[in-house]
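Welcome to a short tour of one protein model. Have the sequence and the 3D view ready, and let us look at a few places together.

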Amino acid sequence: MASQVLVAANRGPLSYALTDDGTLSARRGGGGLVSGLSAALARQPEALWICAALSEADREAVRRGVSEPGVRMLDIDPTMYDDAYNGIANSVLWFTHHHLYDVPREPVFDAAFRRRWESYTAYNLAFARALAQEAAPGAAVLVQDYHLALVPGQLRELRPDLRIAHFTHTPWASREFLDMLPEDVREQLVRGMLGADVVGFHTRAWADAFVAAAGPEEAGRVAVFPLGVDAEELRGLAYRPEVDEKLAALRAEVGDRKTIVRVDRTELSKNILRGLLAYRELLTAHPEWRDRVVHLASAYPSRQDLKVYRDYTAAVSELAAEINAEFGTEGWQPVLVSVQDDFTRSLAAYRMADVALVNPVRDGMNLVAKEIPVVSESGVSLVLSTGAGAHEALQADALTVNPYDVSATATALHEALSLPGEDREARTKRLSAAATTLPPSAWFEAQLSALTR
Ligand code: F6P
């Protein structure tokens, strides 16, 4: 049966694993986009989510016809997929929108880039064709993120009757970085997205940057939908018995010391290294905090197919080990790094955080900044980078930092640790209220209703 509401995203709500005996087991997909969309779609039982098969096990599931209701996985040729996902989406578009290039060496737009760009175009077309096939007349289609920037334009050609929205979960590049792309590629990206009736971003700043590239005449269909947190659902998850157990174990490790908590994918844009350098500077400039604070850093692996990510992950572990060697004592380990994607542990850390450190160089939103105040047990001081999309809504009650200024971040950590309890609690209440104004279901419905206007 054709669908009235469709979502297209590279990553699906679940992924498969193949066991030794050849059976397939499904598990929930990771990341902010997936959790937000999954929560929103729980209220749209008729919706169809089109995603890519990400692994051999996913491809095997497609071949065997294994699927979950409401999900269609596309079996895209693995080489083409690798070129599109790793070669273009993660290595070019992600770097452009997050300003991550090491400019003396990067970017390089050569013949290999052109081949990958063709793969990216074909991978987008596979989504556009699947959507065209599955959509009922006049259906609403919500296309997600920089992986699928060309889909709205391609789909518009195939099915002019559809109502199409595109939403970008990353920042949008400043003019200077966008202009590094070859002109025709930049044009295809912007025109591709403008195939949509509504082009959405998390913040006014990213929306304005897009309008600067698209032209002021396009401003009318560019809109801001700042994704927030579902307080009830998150608190329900954070106060389960298994989280209580993790919390007790962490508490036993940390003792009565204060905690500085961060939770990220080991992602270059998250600025984990400068965060550790700031913590080191805190312990140097304010020796009174030695043995009185522990930095809990969850940095779970991401995009390990790319060497630059593997190197970054290794550098995070090395720097944490250096800090532990420099300051650690028999009874005190200054940094506890967890490299597992362990949401239960993260929730436990959220609950006990005295300080939350969220210092990305540039980030579409950063839901961690919104989640921690919502589940905090006794108030949290939020040290928040101006580069995070979340800064737009949370700045009044956060301690704002320039993500490149390690010394200022160290000072902010000191101030955050020193905030009087009452002030901290009052700020946490306001942060939590600001974080929950547009929970995933409302975020999704706001886009659907923008499409019907
Ligand atoms: O920030 C954009 C985003 O799609 C997030 O929503 C998500 O957490 C992340 O990128 C996922 O990246 P990947 O699917 O490459 O692991």
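Is Arg 430 buried, partly exposed or exposed? Arg 430 is partly exposed, because its relative accessible area is 46%, and the classes are buried under 20%, exposed over 50% and partly exposed in between (1.4 Å probe, protein chains only). You will find Arg 430 in helix α17 (residues 421–435); helices here are DSSP runs (H or I, at least four residues) and strands are too (E, at least two), numbered from the N terminus. Tyr 404 is 26 residues apart from Arg 430 along the chain, and their C-alpha atoms are separated by 27 Å.

A word on how to read all this: the model is predicted, so local features need pLDDT of at least 70 and side-chain atom pairs count only at pLDDT 80 or more, while totals for chains, interfaces and linings use all residues. Residues are numbered from 1 along each chain as its sequence is written, and side-chain values use heavy atoms, leaving out hydrogens and water.

**Around the ligand**

Next, look at the ligand. Among the residues that surround it are Arg 11, Gly 31, Trp 94, His 169 and Arg 303, where a residue is near if one of its heavy atoms lies within 4 Å. Helices α1 (32–41) and α3 (78–97) each supply at least two residues of this shell.

| Residue | Protein atom | Distance |
|---|---|---|
| Leu 33 | backbone N or O | 3.0 Å |
| Tyr 85 | side-chain N or O | 2.4 Å |
| Asp 145 | side-chain N or O | 2.8 Å |

On its own the ligand has 400 Å² of accessible area, and the protein covers 87% of that (Shrake-Rupley method, 1.4 Å probe).

**A buried glutamate**

Glu 218 sits in the loop between α8 (204–214) and β9 (222–224). Glu 218 counts as buried because its relative accessibility is 13%. Its side chain makes a polar contact with the side chain of Arg 221 at 2.7 Å; such a contact is a pair of N or O atoms within 3.5 Å, one able to donate a hydrogen and the other to accept it. Leaving out residues up to four places away in sequence, Glu 218 also touches Arg 191 and Leu 194, with contact meaning heavy atoms within 4.5 Å.

**The nonpolar core**

In soluble globular proteins, nonpolar side chains tend to be buried together. Here the largest nonpolar core has 164 residues, and Phe 127 is one of those that touch the most other members. Beyond its neighbours within four places in sequence, Phe 127 is in contact with residues including Ile 50, Leu 74 and Val 151.

Definitions and conventions: Core = buried A, V, L, I, M, F, W, Y, C linked by side-chain atoms within 4.5 Å.
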